[in-house]
Amino acid sequence: MTIKVAINGFGTIGKRVAQAVACQDDMIIVGVTKTRPSFGCDLAVKMELPLYCTYDEPDKIDAFASGGYDCKGGLSDLLAIADVVVDCSPGKVGAQNLEKYKNAGIKYIFQGGEKHAMTGMSYTSCANHLENMNVQGTRVVSCNTTGLSRTLVPLYEHCGELSVECTMVRRAADPGDSSKGPINAIKPVLKVPSHHGPDVMTVKPEININSMAVAVPTTIMHLHVIVATLPEGHGLTTESVIEMWSSKPRISIMNGAETGITTTAEVMEFARDMGRPWGDLHEIFVWEDGVKLEGNTLYYFQAIHQESDVVPENVDAIRALMGTESDWMASVAKTDAAISKTASL
Ligand code: NAD
């Protein structure tokens, strides 16, 4: 079975998900949407992806021809030929599209900018792939929640219980986003706890977690400062925690002192050297020399490439919803192998 995938919203996340889906052998992109004939349409043309308009109004569809683009139709035309739609519209905008997906009778995947309550399901490959098998719709959690899940779920599975406090040091904006800040300030998120930690509980309710957040003037990564309390008799050491994470997919562990990768700037330079499209880093980056287990308290830092860690998760989520792969590790291996074969656009 080849799964027919529509991407509604071809921005930062949408174009990456489209590329990751397009290189899999069990799914194809039947179309991507743009709101108007802007520069992102050129990328769709370059990637040979059928282009549709986000809206159904004839004047909005016709505007693409005036811009020199071949627009195949409106959103309804696209939904009519898809098995599943990945909604990559801006945060909080996706909710407006839900009714259209329901009316089209197709499966739907939203992103972390939407609320869990809207779908009643959320998704992270390592946390709850099985629970998402064959459901009608889900939400791939945010980049921060995905990053927290990658390292906390294996810890929880080893320990059987886990309490976590973390501070999210958030990038102010994506590199291509000129509308956000701060540019010369550190901005505390004055909602305490922040939504990030509790959002982990939408995919792994057993983890007891809270978070606070600050936005800082950088565009390239988020950094998490994590303190986890393990139960008595956890049987772990600093070394065995590092070994556990090293054996899990989509976690990259490096020693800062040995490699010279001591800041998020070097992490991203290392990622660019890997040659993935857009210089992406799908893995969560953990500094080996920033991990310390003292008694029952585990301290560590991790860095998140906000634009890309959720991308392979969307591919796995498609397989879960379509019921084509129940083993999350098998899906992750398939997704990542296909992505790694595609070095460039
Ligand atoms: P973006 O602004 O880069 O891209 C959104 C695209 O959707 C744009 O091309 C926009 O024109 C289009 N769009 C506007 N209105 C639309 C509508 N009604 N229907 C469909 N498309 C519409 O946003 P993004 O950063 O790609 O974020 C998309 C989602 O992914 C959000 O929920 C966001 O919270 C989540 N997310 C973003 C990041 C990140 O760092 N950028 C990381 C993880 C998750």
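I186 sits in the loop between β7 and β8. I186 is exposed, with a relative accessible area of 62%; exposed means over 50%, buried under 20%, and partly exposed in between, using a 1.4 Å probe and protein chains only. The model is predicted: local features need pLDDT of at least 70, side-chain atom pairs count only at pLDDT 80 or more, and totals for chains, interfaces and linings use all residues. Residues are numbered from 1 along each chain as its sequence is written, and side-chain values use heavy atoms, with hydrogens and water left out.

**Around I186**

- I186 is in contact with V214, A215 and V216, leaving aside neighbours within four places in sequence. Contact means heavy atoms within 4.5 Å.
- I186 and K15 are 171 residues apart along the chain, and their C-alpha atoms are separated by 30 Å.

**Two domains**

- The domain assignment gives domain 1 (3-141 + 310-340) and domain 2 (143-304). Such bounds come from an automatic or database domain assignment.
- The centres of domain 1 and domain 2, taken over C-alpha atoms, are separated by 26 Å.
- Domain 1 brings 26 residues to the contact, and domain 2 brings 19 residues.
- The size of an interface is often given as the accessible area lost when the parts come together.
- Between domain 1 and domain 2, the buried area is about 1,800 Å². Buried area is the accessible area (1.4 Å probe) that two parts lose on being put together, summed over both.
- Carbon and sulfur atoms give 60% of that area.
- On the domain 1 side, R16, C126 and V141 lose the most area to domain 2. Together they make up 26% of what that side buries.

- Helix α1 spans residues 12-22, and its buried residues are G14, R16, V17, A18, Q19, A20 and V21.
- The cover over these buried residues includes the strands β1 (3-8), β2 (27-34) and β4 (84-87). It also includes the helices α13 (311-322) and α14 (328-341).
- G9 lies in the loop between β1 and α1. G9 is buried, with a relative accessible area of 15%.
- G9 touches G14, T33, C88 and S89, not counting residues up to four places away in sequence.
- G9 and T35 are 26 residues apart in sequence, and 7.8 Å apart in space, C-alpha to C-alpha.

**A buried loop residue, N132**

- N132 is found in the loop between α7 (125-128) and β6 (137-139).
- N132 is buried, with a relative accessible area of 0%.
- Not counting residues up to four places away in sequence, N132 touches M121, S122, Y123, T138, A320 and L321.

**Helices α8 and α10**

- Two packed helices are described by the angle between their axes and the distance between the axes.
- The axes of α8 (residues 143-159) and α10 (residues 238-246) come within 10 Å and cross at roughly 120°. Axes are lines fitted to C-alpha atoms, for helices over the stretch in contact, and angles run from 0 to 180 degrees between N-to-C directions.
- From α8, the contact is made by T151, P154, L155 and H158; from α10, by V241, M244 and W245.
- By class, this contact has 5 nonpolar, 2 polar and no charged residues. Ala, Val, Leu, Ile, Met, Phe, Trp, Tyr, Cys and Pro count as nonpolar, Asp, Glu, Lys and Arg as charged, and the others, Gly among them, as polar.

**Backbone points to check**

- Most residues other than glycine have a negative phi, and most peptide bonds are trans.
- G181 and P182 are joined by a cis peptide bond, with omega about 10°. P182 is in the loop between β7 and β8.
- V192 and P193 are also joined by a cis peptide bond. Here omega is about -5°. P193 is in the loop between β8 and α9 (196-200).
- R250 is not a glycine, yet its phi is positive, near 65°. R250 lies in the loop between α10 and β11 (251-254). R250 is buried, with a relative accessible area of 6%.
- W278 has a positive phi of about 60° although it is not a glycine. W278 is in the loop between α12 (264-274) and β12 (284-287). At 29% relative accessibility, W278 counts as partly exposed.

Terms used
Helix = DSSP H or I, 4+ residues; strand = E, 2+ residues; numbered from the N terminus.
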